[in-house]
Amino acid sequence: MRIVVALGGNALLRRGEPMTAEAQRGNIRIACEQIARIAPGNELVIAHGNGPQVGLLALQGAAYTDVSAYPLDVLGAETEGMIGYMIEQELGNLLPVEVPLATLLTQVEVDLDDPAFQHPSKPIGPVYTAEEAERLAKEKGWSIAPDGDKFRRVVASPRPNRIFEILPVKWLLEKGTIVICAGGGGIPTAYDENNKLNGVEAVIDKDLCSALLAEQLQADLLIIATDVDAAYIDWNGPNHKAIASAHPDVLDDMQFAAGSMGPKIEAACSYSRNTGKEAVIGALADIEEILQGAAGTRVSTNIQGINFR
């Protein structure tokens, strides 16, 4: 099978952990131990989040005042290389030496007229207290939004329209390479009035880009790996139930958290509708069971209604 695995941010850096190379590598090692189990006999493409890493680089850049800070598209490219390197190395240490791996910087086209630019919503970087958030908003011109009892910087999150490097990804897969690409939703880019491609100050949702990636690669399965075993209705409420499987039309009428499960549901529904194939949302630790159809929330146009565990 050709499988796209979208790693959630928890696979790289858990909330509350120090943003160190050691912490990230340790989490990536754990993630790769799971992914390595489904590598034999399959074609794998790995996408991943990068919000905390981009946020850290932005803070580090702001501390150097002699030059202007690098824009988010450049920071996205830097984190794609850094995280891809770690995934390549940790996964390579688990697989036979003859299995090739490659990280591909991935430019993704967005529309400059996308309404997301008028309503920044994508959280990046670490959490702050109310006092810290207010100070940073004034100093740096950031948009800030609540995140639980803390606050985070938010930026525009336009929809992905085109993945420029899709052909090189296909070529690498045809040669048996495990490909790491579209990290953090890819590097946001757009054409200007002179038809020149430029970077854009934005962050593309990783799950929506992963769905587009899986669609354009004609993947057999999209796995959206996170830190919960399924999508739930009434999360932590009195009617808390895990969804075993559902048709996209049913999920459209349900409410999911915009900052967490919402984009995953939207991505799974989009992939299923556009391809007629199946997307699964579930825990990275259950990836073998997900592949066997025994775990996670399965989203498909071939499913009637909704089924609960």
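Trainee: Why does K206 count as buried?

Mentor: The relative accessibility of K206 is 8%, and buried means under 20% relative accessible area, exposed over 50% and partly exposed in between (1.4 Å probe, protein chains only). K206 therefore counts as buried. This is a predicted model, in which local features need pLDDT of at least 70 and side-chain atom pairs pLDDT 80 or more, while totals for chains, interfaces and linings use all residues. Residues are numbered from 1 along each chain as its sequence is written, and side-chain values use heavy atoms, leaving out hydrogens and water.

Trainee: What makes K206 and D207 a salt bridge?

Mentor: Their closest N and O atoms are 2.8 Å apart. A salt bridge is a side-chain nitrogen of Lys or Arg within 4 Å of a carboxyl oxygen of Asp or Glu, so the pair qualifies. D207 has a relative accessible area of 3% and is therefore buried.

Trainee: How many salt bridges does the whole structure hold, and which parts of the chain does the pair of E43 and R2 tie together?

Mentor: A search of the whole structure finds 17 salt bridges. In one of them, the side chains of E43 and R2 meet at 2.6 Å, N to O. E43 belongs to strand β2 and R2 to strand β1 (residues 2-7), so this pair ties together parts 41 residues apart in sequence. Helices (H or I, at least four residues) and strands (E, at least two) are DSSP runs, numbered from the N terminus.

Trainee: Are E43 and R2 buried or partly exposed?

Mentor: E43 has 30% relative accessibility and therefore counts as partly exposed. R2, at 15%, counts as buried.

Trainee: How do you know that D249 forms a salt bridge with R273?

Mentor: The closest N and O atoms of D249 and R273 are 2.9 Å apart. The pair links distant parts of the chain, with D249 in helix α7 (residues 248-252) and R273 in helix α8 (residues 261-275), 24 residues apart. D249 is partly exposed, because its relative accessible area is 43%. R273 counts as partly exposed at 37%. Elsewhere, salt bridges that share partners join R25, R29 and E90 into one network.

Trainee: Why is the aromatic pair of Y128 and W142 called tilted?

Mentor: The structure holds three aromatic pairs. Y128 and W142 lie 6.5 Å apart, centre to centre, with 45° between the planes. Rings of Phe, Tyr and Trp (its six-membered ring) pair if their centres lie within 6.5 Å; planes under 30 degrees apart count as stacked, over 60 as edge-to-face and the rest as tilted. The angle of this pair therefore makes it tilted. Both Y128 and W142 are buried.

Trainee: What makes the pair of F164 and Y191 edge-to-face?

Mentor: The ring centres of F164 and Y191 are 6.1 Å apart and the planes stand at 75°, so the pair is edge-to-face. F164 lies in the loop between β8 (162-163) and α5 (166-174) and Y191 in strand β10 (residues 187-191), so parts 27 residues apart in sequence are tied together. F164, with a relative accessible area of 23%, is partly exposed, and Y191 counts as partly exposed at 31%.

Trainee: How do you know that N50 is buried?

Mentor: The relative accessible area of N50 is 7%, so N50 is buried. N50 lies in the loop between β2 (43-48) and α2 (51-62).
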